[in-house]
Amino acid sequence: MLELLQKPWPWYVAGPLIGLTVPALLLIGNKALGISSSLRHVCAACVPAGIPFLTYNWRAEIWNLVFVLGVALGGFIGYRLMGYPDMVGISPETIQDLKTELHLTDFSGLLPRELFSLDNLANWKGWFFMVFGGFLVGFGTRYAGGCTSGHAISGLSNLQWVSLVAVIGFFAGGLLMTWVIYPMLF
């Protein structure tokens, strides 16, 4: 069983499992799959300041907090039991593109070390991108009414027009950042 979990699952297995989670949540508990609303629930539980946005019965959504805790716990247990590969399996063409286009060279961990390391926090550029990027992600999630997983998995499966618009925006923003903005900054 552990051997089965240590290998990446093909898309035709993992995709339907994720896809079937949405109707299961809807049928069993009338709930939608998503993560971003859990931050609001945590703030409502921990910050009793009388802020109108946080004044609601957060206990009715306790399942969402248990779900997020399960995701974090599952990730921790998975890392401890299975570790991580020395190198993430990406195609040689992608590695070549990352080297030539984005000037990344170290692919020894799960993430490119030139982008995701503690050394990047030692300068103003790293702090700026962390704080400004965090603000943009938080603002965008709130403004769009959900995160990428909520819109792309739950929203699209429920045929919500706003989710289709949001997912198109996510992809367009990602392409713009990868091919236009990021090369100008680095």
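What volume does the second largest pocket have? The volume of the second largest pocket is about 600 Å³, where a pocket is an open set of points on a 1 Å grid over the protein atoms alone at which a 1.4 Å probe fits, with protein on both sides within 12 Å along at least five of seven lines. Grid points are joined across faces, edges and corners, and the volume is the space filled by probe spheres set on the points. Its lining consists of 26 residues, of which S36, S37, T141, G145 and G146 are the closest to the centre; lining residues have an atom within 4 Å of a point. Two or more lining residues come from each of the elements α3 (37-46), α6 (124-144) and α7 (148-157), and α3 gives the most, with five residues. By residue class, the lining holds eight nonpolar, 16 polar and two charged residues, with Ala, Val, Leu, Ile, Met, Phe, Trp, Tyr, Cys and Pro counted as nonpolar, Asp, Glu, Lys and Arg as charged, and the others, Gly among them, as polar.

The domain assignment, automatic or from a database, gives domain 1 (1-83) and domain 2 (117-185). Because both domains give residues to the lining, the second largest pocket lies between them. The domain centres, taken over C-alpha atoms, are 19 Å apart, and nine residues of domain 1 are in contact (heavy atoms within 4.5 Å) with ten residues of domain 2.

The chain has eight helices and zero strands, these being DSSP runs numbered from the N terminus (H or I of at least four residues for helices, E of at least two for strands). Helix α2 (residues 11-29) has 19 residues and reaches 27 Å from its first C-alpha to its last, close to the 27 Å expected at 1.5 Å a residue, the expected span being 1.5 Å times one less than the number of residues. Just after α2, N30 has a positive phi of about 55 degrees.

An unreviewed UniProt entry annotates residues 12-30, 62-82, 124-141 and 161-182 as "transmembrane region"; such annotations may be inferred rather than shown by experiment, and feature names are shortened. Two of these segments are set out below.

Residues are numbered from 1 along each chain as its sequence is written, and side-chain values use heavy atoms, with hydrogens and water left out. In this predicted model, local features need pLDDT of at least 70 and side-chain atom pairs count only at pLDDT 80 or more, whereas totals for chains, interfaces and linings use all residues.
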